[in-house]
Amino acid sequence: MLVLVYRKCSTCLKALKWLEDNQIVFEERPIVEQNPTYEELKEWYAKSGLPLKKFFNTSGLLYKELNLKDKLAEMSEEEQLQMLSSNGMLVKRPLVIGKDYVLIGFKEKEWAEKI
């Protein structure tokens, strides 16, 4: 299981602590230094079954600076994936990639059911 995190994010730290407390083996990847690639995001999006908008960190400063709230609706899926792959700070985190699931954000109940 791969977990993409930003160590300065309190939610990510809570998620990592939850994983450790539950003795779950995972590979940690820093989302800023090792930004998800276009190909990875495309695969994870397909596997997740979620709307692509869920992958965006809508509360992030960069999202707001780029005024993506208004722009996303006009962007193609391709353009949105390219945008996400351009900067890890645009991607909602933590992002968990399991064998047959993708989890976005830390919701303890959802994690307990899926992981």
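This is a predicted model: local features need pLDDT of at least 70, side-chain atom pairs count only at pLDDT 80 or more; totals for chains, interfaces and linings use all residues.

**Entry: overall layout**

I counted six helices and four strands in the protein chain. Reading from the N terminus, I get the order β-α-β-α-α-α-α-β-β-α. Along the principal axes, the C-alpha atoms fill a box of roughly 40 × 30 × 25 Å.

I then checked burial: 42% of the 115 residues count as buried. The accessible surface is about 6900 Å², and carbon and sulfur atoms own 49% of that. For contacts between residues at least 6 apart in sequence, I noted that 63% join residues at least 24 apart. On charges, I have 18 positive and 18 negative ones, with their mean positions 5 Å apart.

**Entry: aromatic rings**

How many aromatic pairs are there? I get five, taking rings with centres within 6.5 Å as a pair. I looked at Tyr45 and Phe55, which sit edge-to-face at 6.3 Å centre to centre with 85° between the planes. Tyr45 is in helix α2 (residues 38-48) and Phe55 is in the loop between α2 and α3 (61-65), so this pair ties together parts ten residues apart in sequence. I have both Tyr45 and Phe55 down as buried.

Next I took Phe106 and Trp111: their ring centres are 4.7 Å apart and their planes are at 85°, so I log this pair as edge-to-face too. Trp111 has 0% relative accessibility and therefore counts as buried.

A reminder for myself: most residues other than glycine have a negative phi, and most peptide bonds are trans. I wrote down Gln23 for its positive phi of about 50°, although it is not a glycine. Gln23 is in the loop between α1 and β2, and I have it as exposed, at 72% relative accessible area.

Asn67 went on the list as well, with a positive phi of about 55°. I placed Asn67 in the loop between α3 and α4 (68-71), and its relative accessible area of 37% makes it partly exposed.

Which peptide bond did I mark as cis? The one from Arg93 to Pro94, with omega near -10°. Pro94 is in the loop between α5 and β3 (95-97).

I looked up Ser85 in helix α5 (residues 77-86). Is Ser85 buried or exposed? Its relative accessible area is 18%, so I put it down as buried, given that the cut-off is under 20%. Leaving out residues up to four places away in sequence, I found that Ser85 touches Asn35, Pro36, Thr37, Tyr38 and Leu41.

Last, I went back to Asn22, which is partly exposed at 40% relative accessibility. From Asn22 to Glu77 I get 36 Å, C-alpha to C-alpha, and 55 residues in sequence.

Methods. Residues are numbered from 1 along each chain as its sequence is written. Side-chain values use heavy atoms; hydrogens and water are left out. Helices (H or I, at least four residues) and strands (E, at least two) are DSSP runs, numbered from the N terminus. Buried means under 20% relative accessible area, exposed over 50%, partly exposed in between (1.4 Å probe, protein chains only). Contact means heavy atoms within 4.5 Å. Accessible areas come from the Shrake-Rupley method with a 1.4 Å probe; for residues, only the protein chains shown count as cover. Lys and Arg count as positive and Asp and Glu as negative; His and the chain ends are not counted. The place of a charge is taken as NZ of Lys, CZ of Arg, CG of Asp or CD of Glu. Rings of Phe, Tyr and Trp (its six-membered ring) pair if their centres lie within 6.5 Å; planes under 30 degrees apart count as stacked, over 60 as edge-to-face and the rest as tilted.
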